[in-house]
Amino acid sequence: MAGKSFKYVIIGGGVSAGYAAREFCKQGVKPGELAIISKEAVAPYERPALSKAYLFPEGTARLPGFHVCVGSGGERLLPEWYKEKGIELILSTEIVKADLAAKTLVSAAGEIFKYHILIIATGSTVIKLTDFGVQGADAKNILYLREIDDADKLVEAIKEKKNGKAVIVGGGYIGLELSAALRINNIDVTMVYPEPWCMPRLFTAGIAAFYEGYYANKGVKIVKGTVAVGFNADSNGEVKEVKLKDGRVLEADIVVVGVGGRPLTTLFKGQVEEEKGGIKTDAFFKTSISDVYAVGDVATFPLKLYNDIRRVEHVDHARKSAEQAVKVCSFLAFVVSSSSNPSEFNLSRSASVNGAFISYFTILLEISTWRVFRDILAAIKSNEEGKTIDVYDYLPFFYSRSFDLSWQFYGDNVGDAVLFGDNDPASPKPKFGSYWIKDGKVVGVFLEGGTPDENKAIAKVARVQPPVENLDVLTKEARKAVSKG
Ligand code: FDA
Ligand code: NAD
């Protein structure tokens with residue numbers, strides 16, 4: 001079977017793919033060696049913009065303004081950049097079949113792509129109400145948000161239903177960010193979610209009370225403790241009403257649904273080990289199949305800090321996991337190409353990798369398999385320039401922005417939570433946060449309204465995990481720190 005062949009293929013053209021491409025260039029990928037295959041029609045971009053400035057009536061963000069890697073303060077990778085570097089961007093191309101044993105991918109149009117090394121970066125898809133057979137959930141203007149095409153549909157609906165009514169189904173990230181974005185567009189917004197408070201997977205009742213109060217002050221109505229069980233449409237098939245389980249009926253010209261995401265692993269089912277809903281990887285993002293890596297939303301990886309295995313659906317991890325995987329696979333590809341007899345590879349030799357002079361200790365390893373050997377190599381730290389490929393030692397980092405608000409969270413939200421600061425939703429400049437304490441140590445910190453320095457400080461606390469002898473003292477100290485800031 002003919003087809004295009006590449007040394008490296010990234011399947012998926014989102015955040016991870018963009019950051020991976022930049023790292024491949026740093027590692028000296030040669031023209032023609034790398035292809036990115038994406039279902040989307042545009043080069044990798046910073047997905048978080050879609051639920052924020054993309055929907056604003058003023059100061060609107062549009063491509064090419066938010067292509068990666070601007071989100072992390074890096075150079076913006078325009079489509080021309082990929083051309084200059086000889087990276088093939090294969091857009092508007094959905095892969096519908098992956099054969100990991102044959103190292104072959106097949107697109108919906110029947111094109112065949114062969115690879116030597118594959119990076120799976122397919123991200124997540126939205127969970128739809130039609131998946132549960134919710135009555136009338138296929139009506140027009142019941143919208144979701146994952147990709148730029150979805151965002152364009154939302155922009156159209158906002159224009160068309162000017163000053164209309166929207167019901168937001170879901171009280172998580174999409175629910176909170178989209179309620180704010182629609183309200184800023186002067187739409188009458190009602191949020192509906194089943195839990196007793198918004199964003200329960202991260203927020204405590206105390207944190208949520210602030211956001212619910214703030215949103216209410218901005219005119220967002222909140223209906224808790226119930227779900228949407230059906231929709232009525234008009235003769236054009238456009239949604240008009242949302243029926244709730246508690247019997248209430250809400251008017252709606254637009255419905256936005258944010259009831260969670262699902263990692264896109266279907267293509268690889270039965271071919272690769274999975275765990276916690278994602279593709280299981282080691283700390284180098286290698287999967288159970290040789291030469292196949294998984295990064296971003298789809299990867300279930302060892303979280304060293306908590307001695308746990310996790311999947312993380314946030315942009316910071318998408319960026320960092322991609323960079324880690326590329327460092328590792330570039331390094332291993334170099335090792336393979338420079339070793340004729342891998343089982344006797346002599347690490348004492350010096351080699352020039354991408355201009356960096358690397359010299360390794362002399363070790364002749366007695367090992368059973370080439371794969372184990374490569375793992376050990378990848379874990380080797382150090383060389384004369386101090387380059388390292390350490391295991392991934394990730395500190396979870398989540399953030400969100402809506403209205404004039406901006407919060408950051410680092411660490412783990414387990415144990416006892418201690419709220420501090422001014423969390424009055426009517427405050428002109430609210431600033432508050434929460435610590436999570438487990439086994440006598442601070443393991444997580446949340447801060448609303450922090451300055452860049454304060455955000456750096458909370459990241460440090462979550463990483464260092466200082467011991468807490470007395471919760472009252474900690475609460476007092478935290479209050480003092482915030483009032484000084
Ligand atoms: P990502 O979803 O970015 O990319 C996957 C790509 O793969 C897509 O281009 C998709 O089309 C493509 N693909 C999938 N299957 C394919 C196939 N079979 N063939 C070809 N291509 C295929 N996080 C955060 O920390 N802060 C924030 O503010 C936000 N905000 C935010 C807003 C919105 C609207 C969303 C949807 C998500 C966020 N996130 C976020 C989450 C963050 O964006 C997310 O974790 C990363 O984008 C994940 O990066 P990935 O590269 O794993 O997937
Ligand atoms: P989520 O998991 O954050 O929230 C889902 C919410 O859906 C739950 O909190 C619950 O309130 C609600 N829910 C569940 N079933 C429901 C039902 N039947 N009816 C009404 N409500 C129901 O998921 P999301 O907000 O849809 O976000 C999707 C993905 O996008 C996630 O991966 C998320 O991390 C990502 N995202 C992240 C950010 C950010 O990090 N700032 C922003 C937007 C999106």
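**Sheet and ligand shell in the predicted model**

Strands β27 and β28 (residues 441-448) pair in the antiparallel sense over seven bridges. Pairing here requires at least two DSSP bridges between two strands. Strands (E, at least two residues) and helices (H or I, at least four) are DSSP runs, numbered from the N terminus. The model is predicted: local features need pLDDT of at least 70, side-chain atom pairs count only at pLDDT 80 or more, and totals for chains, interfaces and linings use all residues. Residues are numbered from 1 along each chain as its sequence is written, while chains are lettered from A and ligands numbered from 1 in the order in which they are written.

Two residues separate β27 from β28 in their hairpin. There, Asp-439 takes a positive phi near 50 degrees. Within this pair, Ser-434 stands opposite Phe-446 of β28. Ser-434 of β27 also faces Leu-419. On that side, β27 (residues 431-438) pairs with β26 (residues 416-422), again antiparallel, over seven bridges. Strand β25 (residues 405-411) runs antiparallel to β28 and is joined to it by five bridges. Phe-409 has Phe-446 in β28 as its bridge partner.

Together, five strands form an open antiparallel sheet in the order β24-β25-β28-β27-β26. The edges are β24 and β26; each has a single partner strand, so one side of each lacks a neighbour in the sheet. Neighbouring strands are turned by 15 degrees against each other on average, direction ignored. Helix α5 (residues 205-217) packs on this sheet and touches β25, β26, β27 and β28. Contact means C-beta atoms, placed from the backbone, within 7 Å. The direction of α5 makes about 155 degrees with that of β27. Such angles run from 0 to 180 degrees between N-to-C directions, with axes fitted to C-alpha atoms, for helices over the stretch in contact.

Around ligand 1 there are 36 residues. A residue counts as near if its C-beta atom, placed from the backbone, lies within 6 Å. Gly-12, Gly-14, Ser-16, Gly-123 and Gly-296 come nearest. The shell holds 15 nonpolar, twelve polar and nine charged residues. Here Ala, Val, Leu, Ile, Met, Phe, Trp, Tyr, Cys and Pro count as nonpolar, Asp, Glu, Lys and Arg as charged, and the others, Gly among them, as polar. Helices α1 (15-26) and α6 (315-338) and strand β24 (397-402) each supply at least two shell residues.

An unreviewed UniProt entry annotates residues 6-322 as "domain: FAD/NAD(P)-binding". Such annotations may be inferred rather than shown by experiment. This span is 21% helix and 28% strand, and its end C-alpha atoms lie 18 Å apart.

Notes: Contact = placed C-beta atoms within 7 Å.
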